[in-house]
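Subject: the two-chain model, handed over

Hi,

Here is the model I promised to send over.

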Amino acid sequence: MANKKLTLALFSGSVDKLTAAGVILGGAAAEDMDVDIFVLLQAAFAFKKENALTNDRVAELTDNKDEFLASLKRLDTPHWTQAFRTAKEMTNVNIHICGFAGKVWNGYKLDDFIDLADDICGIGEYISSAETADVNLFI
Amino acid sequence: MMTEDLTNIKVDKSVDARGTSCPGPLLAAKKAIGEIENGQVMEVLSADEGTRRDIPKWCTKKGYEYLGTLEEAGYYKIFLRK
């Protein structure tokens with residue numbers, strides 16, 4: 001039986017939402033789902049090599065940012081890049097950088113992004129993949 | 001399976017995931033299940049409340065037999081047979 005498929009339109013470049021995406025990817029990996037991630041506008045910023053590990057922006061409850069980030073440390077939560085990497089090791093995860101989003105942040109080549117990214121693609125690829133997904137999310 | 005049976009069950013593989021939060025214990029279970037043979041028993045130690053519901057559901061989907069859960073002091077022992 002073919003694996004089920006999760007498509008994720010990943011728009012956010014904030015560590016709170018990226019961390020949530022990492023948790024969901026873990027669940028998908030546990031179930032051997034195929035995963036296609038499309039890195040859209042703000043997420044492409046977070047995927048730039050120079051930003052991935054230093055970016056500490058949060059999107060929600062910003063007045064509690066310090067508590068949130070401290071809690072991630074207290075709970076020994078893997079950095080979102082590590083959660084994504086673990087999912088890639090455990091199941092078939094492909095990460096596509098939206099070509100337009102890349103250019104917004106001066107990322108023109110795959111090498112401008114962290115090595116989690118597999119390719120740079122257009123939105124048609126997302127639509128095609130999402131059409132056959134069992135679960136489709138926008139974060 | 002009754003609780004009495006679980007306390008005496010022969011465990012072939014023990015996975016201690018008490019230091020991790022969701023989905024850590026589930027991923028630890030997924031990694032470890034590849035290291036045991038069909039018919040063998042694995043226990044997953046988790047202090048994460050969500051895991052006690054996730055592992056039985058995961059077993060159903062993956063075709064493993066969920067045997068039951070023991071509540072220990074501050075954590076759960078979740079048993080399954082591959």
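A quick word on conventions: residues are numbered from 1 along each chain as its sequence is written, and chains are lettered from A and ligands numbered from 1 in the order in which they are written. This is a predicted model, so to speak of local features we need pLDDT of at least 70, side-chain atom pairs count only at pLDDT 80 or more, and totals for chains, interfaces and linings use all residues. Helices (H or I, at least four residues) and strands (E, at least two) are DSSP runs, numbered from the N terminus.

**The sheet in chain A.** Chain A has an open sheet of 5 strands in the order E4-E3-E2-E1-E5, with parallel pairing (two strands pair if DSSP finds at least two bridges between them). E4 (119-121) and E5 (135-138) of chain A are at the edges with a single partner strand each, so one side of each has no neighbour in the sheet. From one strand to the next, the twist averages 25 degrees (angles run from 0 to 180 degrees between N-to-C directions, and axes are lines fitted to C-alpha atoms, for helices over the stretch in contact). E3(A), residues 93-98, pairs with E4(A) over 3 bridges, and Cys98(A) has Cys121(A) as its bridge partner there.

**Helix H1 of chain A.** H1(A) lies across E1 (5-10), E2 (34-39), E3 and E5 of chain A, at about 170 degrees to E1(A). H1(A) (15-30) also packs against H4(A) (80-90), at about 20 degrees and with the axes 8 Å apart. That makes the two helices roughly parallel (the label for angles under 35 degrees). The residues in this contact (C-beta atoms, placed from the backbone, within 7 Å) include Leu18(A), Gly22(A) and Leu25(A) of H1(A), and Trp80(A), Phe84(A) and Met90(A) of H4(A). They divide into 12 nonpolar, 4 polar and no charged (Ala, Val, Leu, Ile, Met, Phe, Trp, Tyr, Cys and Pro count as nonpolar, Asp, Glu, Lys and Arg as charged, the others, Gly among them, as polar).

**Chain B.** Here E3(B) (65-72) and E4(B) (75-81) run antiparallel, joined by 7 bridges. Glu65(B) has Arg81(B) as its bridge partner. The two strands form a hairpin with 2 residues between them, and Gly74(B) in the turn has a positive phi of about 85 degrees.

**Where the chains meet.** 9 residues of chain B contact 11 residues of chain A. H2(B) gives the largest share of chain B's side, 3 residues.

Cheers

Notes. Parallel < 35°, antiparallel > 145°, perpendicular 65-115°, else oblique. Contact = placed C-beta atoms within 7 Å.
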